[in-house]
Amino acid sequence: MITSELRERIEKLANRYPRRESALMPALTFAQQSNGNNLSEELLHEVADIIGVTRAKAYGVATFYTMYNKKPVGKYHIQIDTNIPATLMGARDILKHVENTLGIKPGETSKDGLFTLNEVECLGSCGTCPVIQVNDTYYENMTIEKVDKLIASLKKGVMPARETDYNYASVCNVLLKNRGVANSTSIEVYKKNGGYKALAKARGMAPADIINEVKISAIRGRGGAGFPTGVKWGFLAKNTGKPVYLVCNADEGEPGTFKDRQIMEYDPHLLVEGMAISALALGCKLAFIYIRGEFSWIADILDKAIEEAKADKLLGDIDIIVHRGAGSYVCGEETALIESIEGKRGQPRIKPPFPAVEGLYGCPTIVNNVETLASVPYIIEHGAAEFKKFGTENNFGFRIFGISGCVNKPGTYEYPMGIDFDDLMKAAGGVKGKLKSAIVGGLSVPILTAEELKGLKMDFDSCIKHGTMIGSGGIMVINDEFSIPELCLRAIEFYAHESCGKCTPCKQGSKTLKQALKRIVSKKGTRHDLDTALRIVNTVPGLTLCPVGEAYSIPVKTMLDKFRPDFEALINN
Ligand SMILES: Cc1cc2nc3c(=O)[nH]c(=O)nc-3n(C[C@H](O)[C@H](O)[C@H](O)COP(=O)(O)O)c2cc1C
Ligand code: SF4
Ligand code: FES
């Protein structure tokens with residue numbers, strides 16, 4: 001039953017959006033939170049009625065996103081991710097230990113109704129895996145001892161405080177500048193350290209000059225594809241008579257990626273300032289931050305920062321809405337993300353039209369990554385020429401590299417583009433054990449062997465020359481204690497789970513591939529399974545509506561190609 005307070009909260013939110021349906025997802029989340037983390041049918045109907053959508057539509061949305069608990073869960077919903085970085089960092093032992101301690105398997109609830117356990121996908125916290133999410137709270141860097149303490153505390157009805165012991169370093173001192181500064185999320189501290197000077201400067205510039213400065217900086221988007229930001233902004237449809245929207249992509253869903261979180265959690269005003277400048281340049285009055293639903297405390301930090309900036313009259317007539325996702329990797333794809341803000345299932349649209357012409361609510365829309373937008377204040381305050389002093393030709397600027405897996409100090413490291421892979425390994429405390437391979441741009445890029453990693457420089461063009469991509473800058477380091485076929489299976493399990501189901505080659509291809517690899521890894525496979533796997537990864541690219549078809553074919557194909565003997569050994573056995 002929705003209380004009058006909650007109804008008011010939903011109404012307030014619905015009124016901020018250009019269309020009420022956009023508030024459907026956050027409203028479902030608030031309703032679920034108000035009901036012990038359970039989204040009953042009755043609640044779902046009530047939310048649909050308040051928002052003014054059909055109950056069938058609300059049901060369609062609630063069944064698409066994994067974070068809505070349609071089946072009842074216990075008082076403490078324990079979720080443990082076992083994606084590749086987590087597996088490399090001991091999460092499977094943690095999961096087993098929790099299973100044994102609680103006497104339940106993933107998907108089950110304890111008889112006393114206290115605990116529900118689930119094995120889940122990457123939580124955007126790979127540098128601090130193993131991670132246990134209890135309801136909305138992350139417990140990171142988990143060990144067996146910490147698990148025992150956590151469960152003992154939960155049994156007493158106490159949620160322990162979060163520990164935030166992360167490794168980080170910055171040689172550029174821009175994106176992680178305020179990391180480690182006390183109270184870094186407050187506007188006073190941000191301003192004391194030089195914050196909002198760039199916005200003041202931008203207010204004295206013509207919008208075309210802001211766009212031009214970003215164009216000259218030649219910054220390439222940090223979300224994955226590396227498209228030049230100034231060029232993208234130049235594609236924005238002009239004089240349409242429609243509003244223009246700016247959307248910040250904070251979905252951080254690519255396994256191995258946990259960099260945007262560092263900016264939002266510790267320096268939210270840097271993103272708010274970057275968005276305000278970008279909105280001025282683009283003529284946008286309403287901007288959005290689409291943040292993955294699991295980062296609920298970070299969404300609160302952003303909400304507070306936006307309120308502070310408004311109270312300080314820094315945003316003028318620009319408003320920024322923090323829109324919370326609800327568990328879907330595909331919603332990181334820009335058109336799926338737009339569908340999701342519109343309050344729909346997060347399924348990609350056919351392109352063209354591209355968002356810059358017809359995006360959110362059918363209006364011209366620019367979608368940029370958190371790190372891209374957080375780089376804008378530096379470019380405007382210091383000028384494109386200063387920005388270009390970092391990095392290499394055609395790959396200018398700084399970047400946050402998220403390093404996880406088999407290294408001694410997994411964490412986030414801000415370096416100029418073009419830094420040597422080996423130097424990054426040194427920054428991360430060195431490789432643990434003998435380096436076997438690495439995936440250097442988030443899970444969806446080709447794997448490189450230890451030999452291929454020699455001489456690699458971490459920028460867009462050098463990575464391409466080395467046969468891979470820098471993508472989201474999430475580097476997963478693998479040592480020789482791990483089986484590539486097992487990691488390959490874990491990769492395809494992820495994509496099969498996340499496929500939105502809109503096109504058959506992706507939906508069916510990923511499922512069939514998963515089955516073939518499962519048989520191979522469990523030593524029940526035949527040569528036919530290997531042939532099937534190869535046929536799928538060679539056929540699917542180019543046949544799917546969005547890049548997810550390639551996103552799974554490429555890493556799996558390169559694992560099959562480069563580590564073929566490891567797969568064949570399992571078949572011959
Ligand atoms: C399946 C999929 C997931 C994606 N996930 C993200 C994400 O979590 N964050 C992000 O910024 N971009 C993600 N992208 C890329 C976005 O579609 C888009 O290109 C990006 O946000 C543009 O920002 P940029 O130009 O600043 O890089 C994803 C793309 C695909 C195909
Ligand atoms: S490729 Fe996969 S994720 Fe993308 S639209 Fe098709 S089914 Fe959905
Ligand atoms: S958060 Fe554990 S794998 Fe990414």
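Reply: Start with the labels. Helices are DSSP runs of H or I with at least four residues, strands are E runs with at least two, and both are numbered from the N terminus. This is a predicted model, in which local features need pLDDT of at least 70, side-chain atom pairs count only at pLDDT 80 or more, and totals for chains, interfaces and linings use all residues. Residues are numbered from 1 along each chain as its sequence is written, while chains are lettered from A and ligands numbered from 1 in the order in which they are written.

Now the sheet. It is open and has four strands, in the order β8-β7-β6-β9, with parallel pairing. Two strands pair if DSSP finds at least two bridges between them. The edges belong to β8 (319-324) and β9 (365-369). Each has a single partner strand, so one side of each lacks a neighbour in the sheet. From one strand to the next, the twist averages 20°. (Angles run from 0 to 180 degrees between N-to-C directions, along axes fitted to C-alpha atoms, for helices over the stretch in contact.)

Strand β6 (residues 245-250) runs parallel to β9, and five bridges link them. Valine 247 has valine 367 in β9 as its bridge partner. A helix packs on this sheet: α15 (residues 334-341) touches β6, β7 (286-291), β8 and β9. The direction of α15 makes about 105° with that of β7.

Next, pick one residue in the sheet. Valine 322 sits in strand β8. Is valine 322 buried or exposed? Valine 322 is buried, because 22 C-beta neighbours lie inside 10 Å. (Buried takes 20 or more other C-beta atoms within 10 Å, exposed 12 or fewer, and partly exposed is in between; C-beta atoms are placed from the backbone.) Leave out its neighbours within four places in sequence, and valine 322 is in contact with Ile289, Ile291, Ala299, Leu302 and Asp303. Contact means C-beta atoms within 7 Å. Take leucine 302: it is 20 residues from valine 322 along the chain, yet their C-alpha atoms are 7.2 Å apart.

A loop leads from α15 to β9, and proline 352 lies in it. Lysine 351 and proline 352 are joined by a cis peptide bond, with omega about -5°. There is a cis bond from cysteine 129 to proline 130 too, with omega near -5°. Proline 130 is in the loop between β2 (115-120) and β3 (132-134).

Keep going past β3. Asparagine 135 is in the loop between β3 and β4 (137-139). Its phi is positive, about 50°, although asparagine 135 is not a glycine. Asparagine 135 is partly exposed, because 17 other C-beta atoms lie within 10 Å.

Now compare the pairing around β18 (residues 474-479). Five of the six residues in β18 are buried. Strand β12 (residues 398-405) runs parallel to β18, joined by four bridges. There, isoleucine 403 stands opposite isoleucine 475. Strand β15 (residues 435-439) pairs with β18 in the antiparallel sense, over four bridges. Serine 437 has isoleucine 478 in β18 as its bridge partner.

Helices meet as well. Helix α6 (residues 91-102) packs against helix α7 (residues 144-155) at about 35°, with the axes 10 Å apart. Ile94, His97, Val98 and Thr101 of α6 meet Ile144, Val147 and Ile151 of α7. This contact has five nonpolar residues, two polar and no charged. (Nonpolar covers Ala, Val, Leu, Ile, Met, Phe, Trp, Tyr, Cys and Pro; charged covers Asp, Glu, Lys and Arg; the others, Gly among them, are polar.)

Look at glycine 230 too, in helix α11 (residues 229-234). Glycine 230 counts as buried because it has 20 C-beta neighbours inside 10 Å. Beyond its neighbours within four places in sequence, glycine 230 is in contact with Ile211, Val214 and Lys215. From glycine 230 to glutamate 145, 85 residues apart along the chain, the C-alpha separation is 50 Å.

Last stop: lysine 523, in the loop between α22 and α23 (527-539). Its phi is near 60°, a positive value in a residue other than glycine. Lysine 523 is exposed, because it has 11 other C-beta atoms within 10 Å.

Notes:
Two residues are in contact if their C-beta atoms, placed from the backbone, lie within 7 Å.
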